[in-house]
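Welcome! Take a look at the picture first, and then read on.

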Amino acid sequence: MGPSAPRKVRSIFISDIHLGTRHCQAELVTDFLAAFEAETIYLVGDIIDGWRLKRTWYWPDSHEAVIQSLLARARNGTKVFFIPGNHDEFVRRYTDRLVAKVAVRDQVIHQTADGRRYLVTHGDQYDPVVRQAKWLAHLGDRFYELALTSNTVVNWVRRRFGLDYWSLGAFAKRHVKSFIGIISQFETIVAEDVHKRDLHGVICGHIHHAVSRQMGGIHYVNAGDWVESCTGIIEETDGRLEVLRWTGSGQESLFPVGDDETIARSDTSKPMDPIQ
């Protein structure tokens, strides 16, 4: 049997791919994109890791394949939006321009098929470390990179003792952030700002933690990352949003449509604006 036809969805949201790093799961990104046929693709920041590329150039064929896959979709009529993050901030010089048929935007208001409006943004503007102490953000990034490199050895030892996989990298990312009071505040800060804008929700990235839940009267959705968790968001043709973990052999729905989604979909009375 040949490969199955791509599943038709309305939108795809992916963030924190970190192309240009050795820990990027580029093959899974390509596999994920090939599995869906979307009207719109949102690249929600940190797609290319300019911080690492400045230190050490690393760009294998698998990373180039992700870029070429996205450009091919843009040429073939898919709307592709690139919303830069802090690691690919060099792209921000092209904000509000069309580059190879990819629209670069600082942020986008996305309207779902059922009329809900979501702010789509990477989220680094809500991170006080990135805004006020960038040197500390770079230091934390280097520590995270070291922790990721250690994963292979740590989990080889754990397997020898019959223990499950444990991510030292995710542990490091979580605790470096929490030590300076960031991860506990990030989601609340985002939710408060989006609520003031009179929007239904937000779709973001930045903290590498995929989630979908109600917060402060808005629907907060984070796309996660493609370094460890390999997660992305799809919008079904009827407007439902779902966070998926991609394994290569299939998919696992982390946050299927449930009570939270029902609440988020219940109020579509707010004015509806087109994609900006």
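This is a predicted model: local features need pLDDT of at least 70, side-chain atom pairs count only at pLDDT 80 or more; totals for chains, interfaces and linings use all residues.

**Strand E8 and its partners**

- Strand E7 covers residues 117-120, and it pairs with E8 in the parallel sense over three bridges.
- Strand E10 (residues 218-222) also runs parallel to E8, and four bridges join the two.
- In this second pairing, Ile-203 stands opposite Val-221 of E10.

**The two faces of E8**

- In a regular strand, side chains alternate between the two faces of the sheet.
- E8 spans residues 201-204, and both of its faces are covered.
- Gly-201 and Ile-203 lie on one side, Val-202 and Cys-204 on the other, and all of them are buried.

**Aromatic rings**

- Seven aromatic pairs are found in the structure.
- One of them is stacked: the ring centres of Phe-13 and Tyr-42 are 4.8 Å apart and the planes meet at 5°, so the pair falls under the 30 degrees that stacking requires.
- This pair links distant parts of the chain, with Phe-13 in strand E1 (residues 7-14) and Tyr-42 in strand E2 (residues 36-43), 29 residues apart.
- Phe-13 is buried, at a relative accessible area of 0%, and Tyr-42 is buried with a value of 0% as well.
- Elsewhere, one aromatic cluster is formed by Phe-32, Phe-36, Trp-226 and Trp-246.

Conventions:
Residues are numbered from 1 along each chain as its sequence is written. Side-chain values use heavy atoms; hydrogens and water are left out. Rings of Phe, Tyr and Trp (its six-membered ring) pair if their centres lie within 6.5 Å; planes under 30 degrees apart count as stacked, over 60 as edge-to-face and the rest as tilted. Buried means under 20% relative accessible area, exposed over 50%, partly exposed in between (1.4 Å probe, protein chains only). Two strands pair if DSSP finds at least two bridges between them.
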